[in-house]
Amino acid sequence: MEVLNSFMTWIFKNRIGQIENFKKNPIQVQDTTFFELIEAGKNTEFGKEFDFASIKHYDDFARQVPILDYEGIKPYIDKTMKGTQNVLWNTDINWFAKSSGTTSSRSKYIPVSTESLEDCHYSGGKDMVSLYIANYPDSRLFAGKSLTIGGTLEKNPLNPQGSARAGDISAVIMQNLPIWAYFVRTPSLETALMSEWEAKIEKMARETMDEDVTCIAGVPTWTIVLMKRVLEIKKAKNILEVWPNLEVFFHGAVAFGPYRSLFKELIPSKKMRYVETYNASEGFFGIQDQPDSEELLLLLDYGIFYEFIPMEDWEKEDPTVVPLAGVEIGKNYALVISTNGGLWRYKIGDTVKFTSTKPYRFKITGRTKHFINAFGEEVIVENAEKAIQYAAEHTGATIVNFTAAPVYFDSSGSKGAHEWLIEFHKEPSDQMKFNELLDQHLREINSDYDAKRHKDLALIAPIIHPAPHGIFENWLAKKGKLGGQHKVPRLSNSREYLDEILSLTQKI
């Protein structure tokens, strides 16, 4: 394996020059991507409808092509799923990434072309490793196995007799991996793509527990579940007793902050490294490229053209939209993408904030529909995650998951509040202190929340419920969303999710 480690390390180092190019020439690279996309799309049904052939500049594109949410692009996707090609993209679409669509019970299906698979998702995985090796040249990543926790695949629901298939983006990626990748990963593809998650975790634990695992890639929640099961079977105190050469966890889908303390318990090593990625069904957008910073590098030569809507304009009928050259540091933007999978000016639903423009680095701040703004407090997911992490660190607690929603004013004259449901892996040393610190830190980092909390003017102190173990998994299972990248909405102006999960706690 040492020879393989040296060879693979050398291969991945060769990509660094191309990464440096888009870091130094971001606007030129985006311009090239833009015109390549327009050329590829001009003879598709969508391209003809919006006259891509006449587009000579970005301003033409912005004027002729509407901003679309999923409902707006869905008719084109449905037509593709039913078997018609050349609708959104000029090459055949045989895969669809299934996204849970957390704002409704209906799943979303994102087209995955050969180009988006090869030039975006796979490029992201390669660059993730390239940047990691550049930062840690002593890495022995390829001396062992990479443990990947993927989703599941299913038939195309709109054309079950056809050849196209759908599933979590992780499952689509695994199904199409090059042959060499199977020699450096675990578990088997058959196990990785199992659909029944309880059985899958059990089989994954038993297949991987005797392997020499050097890295893990996956969603924090399911990684924790798997590691706990491995520890139970092996009767080990921590995961390093099982996988002594484990050196890195590549994670994404949810913010890692609230999970950090729990991972340090499970993997008690100062040498353990954690690298964040931003890989969604729609594309691979960012990688943590600096060892000493949690900022993500925006990936610019992946066949994705980026636009941004300032959050203050998000709900306007005709919002301001700017390309990459127009973004400002410190401003919250909703992300809009056009991709080599056939998404055109598509509102992905995520929000980001740039921390640098030389090169373009950013932080994910939340979802356009995942926030609480019932009383003008404008609490976004980033605020909530920082506050809960602060409270946990100062009370010795570790968090499994959480959700929060407003308690609205009622006719009795009662004031509003935020109600939280938090599943702890390790309870806080003092629950009241935890509650106070969460509220206090939220006030420190969000002036609008602080103003509403001033002397309990509009908001009283948050109502916080410790949740029974496994409650969020139970809720996801009940909704048919257990596994993959499905997750509980952390914040919502609606009480729908919170009330549903609270109702489950009363049955336990």
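Buried means under 20% relative accessible area, exposed means over 50%, and partly exposed lies in between (1.4 Å probe, protein chains only). Helices (H or I, at least four residues) and strands (E, at least two) are DSSP runs, numbered from the N terminus. The views come from a predicted model, in which local features need pLDDT of at least 70, side-chain atom pairs count only at pLDDT 80 or more, and totals for chains, interfaces and linings use all residues. Residues are numbered from 1 along each chain as its sequence is written, and side-chain values use heavy atoms, with hydrogens and water left out.

**View 1. Strand E3 (residues 145-148) is covered on both faces.** In a regular strand the side chains alternate between the two faces of the sheet. Lys 145 and Leu 147 are buried on one side of E3, and Ser 146 and Thr 148 are buried on the other. Two strands pair if DSSP finds at least two bridges between them. E3 runs parallel to strand E7 (residues 213-218), with 4 bridges. E3 also pairs in the parallel sense with strand E6 (residues 185-186), over 2 bridges.

View 2. Rolling a probe the size of a water molecule over the atoms shows where empty space is left. On a 1 Å grid over the protein atoms alone, a pocket is an open set of points where a 1.4 Å probe fits, with protein on both sides within 12 Å along at least five of seven lines; lining residues have an atom within 4 Å of a point. Of the 42 lining residues, Gly 125, Met 128, Thr 148, Ile 173 and Ala 217 are the closest to the centre. Helix H7 gives the most to this lining, with 6 residues.

**View 3. Phe 308 and Phe 354 have the most contacts inside the largest nonpolar core.** A nonpolar core is a set of buried Ala, Val, Leu, Ile, Met, Phe, Trp, Tyr and Cys residues joined through side-chain atoms within 4.5 Å. A second, separate core of 33 residues includes Ala 205, Ile 224, Ile 233 and Phe 256.

**View 4. Val 65 lies in the loop between helix H5 (58-64) and helix H6 (70-81).** Val 65 counts as buried because its relative accessibility is 2%. Contact means heavy atoms within 4.5 Å. Leaving aside neighbours within four places in sequence, Val 65 is in contact with Phe 46, Phe 50, Phe 52, Ile 55 and Arg 345. Arg 345 has a positive phi near 45 degrees, although this residue is not a glycine. Arg 345 is buried too, at 3% relative accessibility.

**View 5. A cis peptide bond joins Thr 186 and Pro 187.** Most residues other than glycine have a negative phi, and most peptide bonds are trans. Here omega is about 5 degrees. Pro 187 sits in the loop between E6 and helix H9. Ser 188 is in the loop between E6 and H9 (189-192). Is Ser 188 buried or partly exposed? Ser 188 counts as partly exposed, because its relative accessibility is 31%.
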